[in-house]
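Reader: Could you walk me through reading nonpolar cores and sheets in a model like this one?
Author: Gladly, let's look at it together.

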Amino acid sequence: MASSNDSKNEFPQSSSGKWVVLQLSSSGEHEKSVAILEKSVLRILRHPVAIFIPAANQKARDDTHVQFIMDGYIFVEYKPEVPYNRLAGTTYFEAVLSNSRRQYQLVTDAEILPIRRGVERLKKSGLSVGDQIKVAKGSFKNLVGQVSFVYDDGENVQVSVGLVSKPLLIDYPASYLVKL
């Protein structure tokens with residue numbers, strides 16, 4: 001099963017080239033784990049389907065943050081035999097979008113491509129070793145430091161943050177940081 005968190009620049013593929021659009025409930029929008037949303041879809045549908053959640057699930061130490069590119073919606077691979085309406089009104093899912101003829105609202109791989117590119121850009125930082133940064137999210141918010149190492153194609157960086165006694169090296173998702 002492909003998911004939104006698959007490795008580097010790989011996104012789940014739909015065998016039909018089409019995706020059903022699901023609207024998240026308020027609980028779904030506030031869920032801190034993309035994996036929980038994916039497991040919930042699979043458990044309710046009881047069919048193996050690809051799931052694309054336009055979000056970056058980022059973790060820094062004990063802090064987890066899900067940043068959605070497109071708030072409130074996820075995409076599930078379209079297969080004619082799958083009863084998507086089972087998801088409507090559940091804990092994490094408000095509705096399955098449909099048209100005036102009560103048919104599922106489908107989008108194509110081509111229509112999702114700009115959203116996928118947005119997820120890629122969110123994960124990339126443009127930071128370099130030596131850049132001065134400020135931590136924008138998480139438990140060390142507002143601390144200032146310097147980038148000491150960039151890895152995972154710029155998705156994650158190691159930052160040297162000066163504390164009272166000595167510098168502390170912390171790994172962060174690049175999106176947690178702001179270049180000064």
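**Cores and a sheet**

Author: Let's start with the largest nonpolar core, which has 22 residues, and among these Leu22 and Val41 touch the most other members. Such a core is a set of buried Ala, Val, Leu, Ile, Met, Phe, Trp, Tyr and Cys residues joined through side-chain atoms within 4.5 Å, where buried means under 20% relative accessible area with a 1.4 Å probe, protein chains only. This is a predicted model, in which local features need pLDDT of at least 70, side-chain atom pairs count only at pLDDT 80 or more, and totals for chains, interfaces and linings use all residues. Residues are numbered from 1 along each chain as its sequence is written, and side-chain values use heavy atoms, without hydrogens and water.

Reader: Which element gives the largest share of this core?
Author: In general, nonpolar side chains of soluble globular proteins tend to be buried together. Here helix 2 gives the largest share, five residues. Helices (H or I, at least four residues) and strands (E, at least two) are DSSP runs, numbered from the N terminus.

Reader: What is Val41 in contact with, beyond its neighbours within four places in sequence?
Author: With contact meaning heavy atoms within 4.5 Å, the partners are Leu22, Val49, Ile51, Ile74, Val76, Leu87 and Phe93. A second, separate core of eleven residues includes Val159, Ile170, Tyr172 and Leu177.

Reader: What is the strand order in the open sheet?
Author: Strands of a sheet pair through backbone hydrogen bonds, either parallel or antiparallel. The five strands here run 11-10-9-8-12 with antiparallel pairing, where a pair needs at least two DSSP bridges. Strands 11 (167–173) and 12 (177–179) are at the edges with a single partner strand each, so one side of each lacks a neighbour in the sheet.

Note on methods: Buried < 20%, exposed > 50% of the residue type's maximum accessible area, 1.4 Å probe, protein only.
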